[in-house]
Amino acid sequence: MYLRTAAAAISTILVITIVTPLFLVGMIPVIFMYWKTQNYYIPTSRQLKRINSKMNSPIYDHFEETLDGVSSIRAFNVQSRFVKTNMSRVNRQLQGYYLSIASNRWLATRLECVGTGIVTLAAAFAVYGKGPENFAGLGGLSITYALSVTQTLNWMVRMTSERETNIVSVERVSEYSSVQSEGIRSTKMPPQSWPQSGAIELRGLQLRYRPGLPL
């Protein structure tokens, strides 16, 4: 999808440049604006994606906890507390989601300005340019291509951002996979048939939450 969108944007600019070669000179500041906008948006979008991913986890954990303990919740009549907690976590997640939507609107506004600049340049060179007898038709072709470049540029930036934000999921998987697993570290393990009776005797048992904490 990204390669197809990039090819569409390059072909659009190439068609306009073939019809009006001076268009390429006017594209220098437009390309600079596009490059600055993209470099500013992509890191922000990546961080917002990371925030959203972290805000989703408490919602899923609380929902799973509620399902597992639904009988106890009803027995102690604390449904309102669990509903309130769930609503609070959903509201926090929506705050991050709102920022993500706001950043998308910010990008769309800037790219619309860039697209307007491209259309203006194509129209100006088509009107004031001199060429063969069929130049009017070629000028109309270049303007038609320029009108579609806004959506193409928008999708191109979004595909670039999507490619980088998807790495956030891989980053979280890598983070969880590097967490030290919990388990028994004793070198003397009980036999497979253990226990033979209902009595358990503990000798010299020492427990700590994680390394570095007191027993």
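Which residues lie nearest the centre of the second largest pocket? The legends below begin with that view; the model shown is predicted.

**View A. Centre of the second largest pocket.** K49, N52, S100, E162 and T165 lie nearest the centre of this pocket. They belong to a lining of 21 residues. The space in the pocket comes to about 410 Å³.

**View B. Helices and residue classes in the lining of the second largest pocket.** At least two lining residues come from each of α2 (23–68), α4 (79–128) and α6 (149–177). By class, the lining of the second largest pocket holds twelve polar, five nonpolar and four charged residues.

**View C. Contact of α2 with α4.** The two helix axes come within 9 Å, and they cross at roughly 170 degrees. Because angles over 145 degrees count as roughly antiparallel, α2 is roughly antiparallel to α4. The crossing in which α2 passes α4 is left-handed. Among the residues of the contact of α2 with α4, 23 are nonpolar, 13 are polar and four are charged.

**View D. Aromatic pair F32 and W35.** Two aromatic pairs are found in a search of the whole structure. One of them is formed by F32 and W35, with 6.3 Å from centre to centre. The planes of F32 and W35 stand 35 degrees apart, and the pair is tilted. F32 and W35 are separated by about one helical turn because they are three residues apart in helix α2.

Notes. Residues are numbered from 1 along each chain as its sequence is written. This is a predicted model: local features need pLDDT of at least 70, side-chain atom pairs count only at pLDDT 80 or more; totals for chains, interfaces and linings use all residues. Side-chain values use heavy atoms; hydrogens and water are left out. On a 1 Å grid over the protein atoms alone, a cavity is a set of points where a 1.4 Å probe fits but cannot get out, and a pocket is an open set with protein on both sides within 12 Å along at least five of seven lines; lining residues have an atom within 4 Å of a point. Grid points are joined across faces, edges and corners, and a volume is the space filled by probe spheres set on the points. Helices (H or I, at least four residues) and strands (E, at least two) are DSSP runs, numbered from the N terminus. Ala, Val, Leu, Ile, Met, Phe, Trp, Tyr, Cys and Pro count as nonpolar, Asp, Glu, Lys and Arg as charged, and the others, Gly among them, as polar. Axes are lines fitted to C-alpha atoms, for helices over the stretch in contact, and angles run from 0 to 180 degrees between N-to-C directions. Angles under 35 degrees count as roughly parallel, over 145 as roughly antiparallel, 65 to 115 as roughly perpendicular and the rest as oblique. A crossing is left-handed if the near helix is turned anticlockwise from the far one by less than a right angle, and right-handed if clockwise. Rings of Phe, Tyr and Trp (its six-membered ring) pair if their centres lie within 6.5 Å; planes under 30 degrees apart count as stacked, over 60 as edge-to-face and the rest as tilted.
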